[in-house]
Amino acid sequence: MNQILIISVVALTTIGVIAAIILYVAAKKFHVEEDERIGKVAELLPGANCGGCGYAGCKGLAEAIVKAGSLEGLKCPAGGNEVMEKIADTLGLVAEATAPQIAVVRCSGSRQAAPKKVDYDSIKSCAYANVVSAGESGCKYGCLGYGDCVKGCNFGAIHIDEETGLPVIDEDKCGGCGGCARNCPRGIIEVRDRGPKNRRVYVSCINAEKGAAAKKNCSAACIGCGKCVKVCPFEAITLDKNHAYIDFTKCKLCRKCVEECPTGAIHAVNFPPKKVEETTELSKTEIIVNK
Amino acid sequence: MKTFTLGGVHPEGNKLSRGAAIEKFPSPQIAYISLSQHLGVPAKPVVAKDDKVKVGDLIAVGEAFISANIHSSVSGVVDKIDDYIDTSGYKVPTIFIKVEGDEWNESIDRSQDIVRDIKLSSKEIIDKIKEMGVVGLGGATFPTHVKFMLPPGKKAEYLIINAVECEPYLTSDHRILLEKPDEVLIGTEILRRALNVDKAYIGIENNKQDAIALLTEKAADYEHIEVVALKVKYPQGAEKQLIKAITGREVPSGKLPIDVGCVVNNSGSTFAVYEAVQKNKPLFERVVTVTGKTVGKPSNYLVRIGTSCSQLIASVDVDLSQIGKIISGGPMMGKTLVSTDVPVTKGTSGILLMHTGESSRSLIHNCIRCAKCVQACPMGLEPYLLSAASKNEMWDKAEKAHIMDCIECGCCQFTCPSYRPLLDYLRVGKRKVGQIIRNRAK
């Protein structure tokens, strides 16, 4: 009995010692000098590995920044200017401030505005639903509502509203990395500048059908009437493929187009109400829309 | 009796309309003729608004290599060329024709006589088929003339006429065999000459014994044509499975039937070829089965292309409040209609009205690794694995497991005891992997 015990202990100890020596030699021989700054920069980044910067994860961006030795053209969209400044301080570089961005959903086809015509009963995936049919409302440009965008967000900044069936973006959590936009098979989600004081105006529809056809499926569709284009004093609005688009670099947030839009497809976000009695809540997105 | 070896399932036949003779369906008020009712590039319209057209006039021409001509199915005035919904609800360019009278193009031979004498040469036959816009009427609508233009270096040995009709419910091919046996045989002979082969087989499943008997008797006059009775098994009507069943040859992964010396053509299309070559009649009408368990009068109609499905449904005596799903095609591979306003196209082999109980999906359970789907897959794939790869977006794994060989027959989903939507996942995966492969080629 004792003998077995002794043999095991001795054998294991010997194996342990030999393994330790091999590991020690290997560690010395194959040692790779890693720039310690990479670890520091990676620690400053959000760590969600969203891929919004164009690199495979936060470590990838950190490596690129350290290797390049400048912050030009490199940016963590999710972390924003705050994180970039911290990185600049650590590395002794200069961070160029860029406008903070946010994702916006360019579809107003809620269950109320674009009622169901048929039932879809297959797998709950926008990618698949987009392949087999134009959608329950019949609008082939509109949101399908099965939440592929939610799966694409690593920050928990987007969810599907139960009542409207549309995605809602949490302004505090969204960094504008574009993960949701990349996952949307219909290209409904756009990453735009947040705008001064978080205020922005955008056309919440991308329907390219003619007005009458668009209106048949959805009462909130942009019908391409062009009223907003005429009323805009800054030439910020263009009409293409039967729907309007507001260029956020030219828009001065005057909101004339919002008043003019006959279907309410233009959304103005985070503006203080002009007159209390005229304030209407279009959806549960906590967006206050002034008419 | 012959059949294919790998996989397959036995769905209930439900051939409710097998006894219903083909009836001519009246012309619609407005014909919606889609410009992309064939596989490949949409045809280009050659008529404009307010043009007068007769039945059989060319209205759109297929210019690309894989494309097909489209002819007017009615006589009247072109109302407009605009977008109109197809089966999936997506809009496709469509020619709207307001119907006035029923005036036919003079070049069409409208007599009932059977023309037996084949005058044209191989090349002339193929040109005629192309001119008359014949496509595969089984559902895939691949332009027929392209199949018969063999790539250089390839040689055909067998022509196979697909009269299997393995989809439950559908009977349009069965009725054509029974009512137009001579025409189908002459069509086969025409295609055999076009292909320049010595042997043509007509494959018919054993649940159509009347058609097998009739065709066998008539085929005695044709020394190169043989009728083959096949054991009933789905999906025997799939090209590769039919080749395996009749010739014993297996089409390798990623290859075409011509690589094993075979060309397969649907029996309905063979009848259309007869009409095109012998009667100079373009493909502008087809037989459509309208059926379902709660349908009072399951029927086979000869329908002009562009007729709205709602008209067909209205004529078969059915209570629409009990209908849960309307399918264009058969229950296994057909597409669910999003609206009854969808027009009949060259690919509409049937309209199936499923009642609510039959059409609703069962609750999805977890995979129990029973491998029934593996046994059922006629292509020898592992659907449980492919669906999981597709669900988890592991596209490289799906590609390695040969997702592109899936023929979307639906056997896996049919046999799954956990009611998992295997085919749905496979379709997403196939589309995605296809995109990746195409991008790589660029």
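The contact between chain A and chain B takes 13 residues from chain A and 12 residues from chain B, where two residues are in contact if their C-beta atoms, placed from the backbone, lie within 7 Å. On the side of chain A that touches chain B there are 7 nonpolar, 4 polar and 2 charged residues, counting Ala, Val, Leu, Ile, Met, Phe, Trp, Tyr, Cys and Pro as nonpolar, Asp, Glu, Lys and Arg as charged, and the others, Gly among them, as polar. This is a predicted model, in which local features need pLDDT of at least 70 and side-chain atom pairs count only at pLDDT 80 or more, while totals for chains, interfaces and linings use all residues. Residues are numbered from 1 along each chain as its sequence is written, and chains are lettered from A and ligands numbered from 1 in the order in which they are written.

Turning to chain B, an automatic or database domain assignment divides it into domain 1 (27–99), domain 2 (122–279), domain 3 (287–359) and domain 4 (372–441). The centres of domain 2 and domain 3 of chain B, taken over C-alpha atoms, are separated by 26 Å, and 15 residues of domain 2 of chain B are in contact with 15 residues of domain 3 of chain B. To the domain 2 side of that contact, α3(B) gives the most, with 3 residues, and by class this side has 7 nonpolar, 6 polar and 2 charged residues.

Let me stay with that helix. Helices here are DSSP runs (H or I, at least four residues), as are strands (E, at least two), numbered from the N terminus. Because 6 of the 8 residues of α3(B), residues 172–179, are buried, this helix is largely enclosed by the rest of the structure; buried means that 20 or more other C-beta atoms lie within 10 Å of the residue's own, against 12 or fewer for exposed and partly exposed in between. The buried residues include B:His174 and B:Arg175.

α3(B) packs against helix α7 (residues 267–279) of chain B at an angle of about 45°, with the axes 9 Å apart, the axes being lines fitted to C-alpha atoms over the stretch in contact, and angles running from 0 to 180 degrees between N-to-C directions. That makes α3(B) oblique to α7(B), since angles under 35 degrees count as roughly parallel, over 145 as roughly antiparallel, 65 to 115 as roughly perpendicular and the rest as oblique. From α3(B), B:Ser172, B:Asp173, B:Ile176 and B:Leu177 make the contact, and from α7(B), B:Ser267, B:Gly268 and B:Phe271.
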